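Please look over the model shown below before reading on. The paragraphs after it go from the chain as a whole to single residues.

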Amino acid sequence: MATIGFITPFYAKLPGYLSPSKDIKFEDIPVGITAISKVPAAGWVQILLFAAVCEFGLGPSIQEWKEGHPGDYGRGALGMFGPIT
């Protein structure tokens, strides 16, 4: 995934604005490491919050990740096929 995410901007960029309030378009963002400094701080906060939700979920208790076997959430493969037995 990281490799695809690094190579794709050399060939295509998303249309529209990354930050309409700061007038930054996706095509204005350079490729590679230099892109880090061009993304506004609010964008990095959104990225980190999204990563936290993906990691911990929106469940009522954050303690559930400490119980059971690692990777077994009782929801089956990809969360679609029922419990793994």
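Helices (H or I, at least four residues) and strands (E, at least two) are DSSP runs, numbered from the N terminus. By that rule the protein chain has two helices and two strands, and from the N terminus on the elements run α-β-β-α. The model is predicted, so local features need pLDDT of at least 70 and side-chain atom pairs count only at pLDDT 80 or more, while totals for chains, interfaces and linings use all residues. Residues are numbered from 1 along each chain as its sequence is written, and side-chain values use heavy atoms, with hydrogens and water left out.

Accessible areas come from the Shrake-Rupley method with a 1.4 Å probe, and for residues only the protein chains shown count as cover. The protein chain exposes about 7,500 Å², of which carbon and sulfur atoms supply 67%. A residue is called buried under 20% relative accessible area, exposed over 50%, and partly exposed in between (1.4 Å probe, protein chains only). Buried residues make up 9% of the 85 residues in the protein chain. Contact means heavy atoms within 4.5 Å. Among contacts in the protein chain between residues at least 6 apart in sequence, 3% join residues at least 24 apart.

Strand β1 (17–19) holds both L18 and S19. S19 counts as buried because its relative accessibility is 10%, whereas L18, at 29%, counts as partly exposed. Leaving aside neighbours within four places in sequence, S19 is in contact with I24 and P40.

D23 lies in the loop between β1 and β2 (24–25). Its relative accessibility is 53%, so D23 counts as exposed. Phi of D23 is near 55 degrees, a positive value in a residue other than glycine. Most residues other than glycine have a negative phi.

K38 lies in the loop between β2 and α2. At 45% relative accessibility, K38 is therefore partly exposed. Apart from neighbours within four places in sequence, K38 is in contact with I24, I29 and P30. The C-alpha atoms of K38 and I24 are 8.8 Å apart, and the two residues are 14 residues apart along the chain.

Next comes the pocket. On a 1 Å grid over the protein atoms alone, a pocket is an open set of points where a 1.4 Å probe fits, with protein on both sides within 12 Å along at least five of seven lines; lining residues have an atom within 4 Å of a point. Grid points are joined across faces, edges and corners, and a volume is the space filled by probe spheres set on the points. The largest pocket has a volume of about 710 Å³. It is lined by 24 residues, and L14, L18, F26, I29 and V39 are the closest to its centre. α1, β1 and α2 (41–56) each supply at least two residues of this lining; the largest share, five residues, comes from α2.

Where does Y11 lie? Y11 is in the loop between α1 (2–7) and β1, and it counts as exposed because its relative accessible area is 71%.
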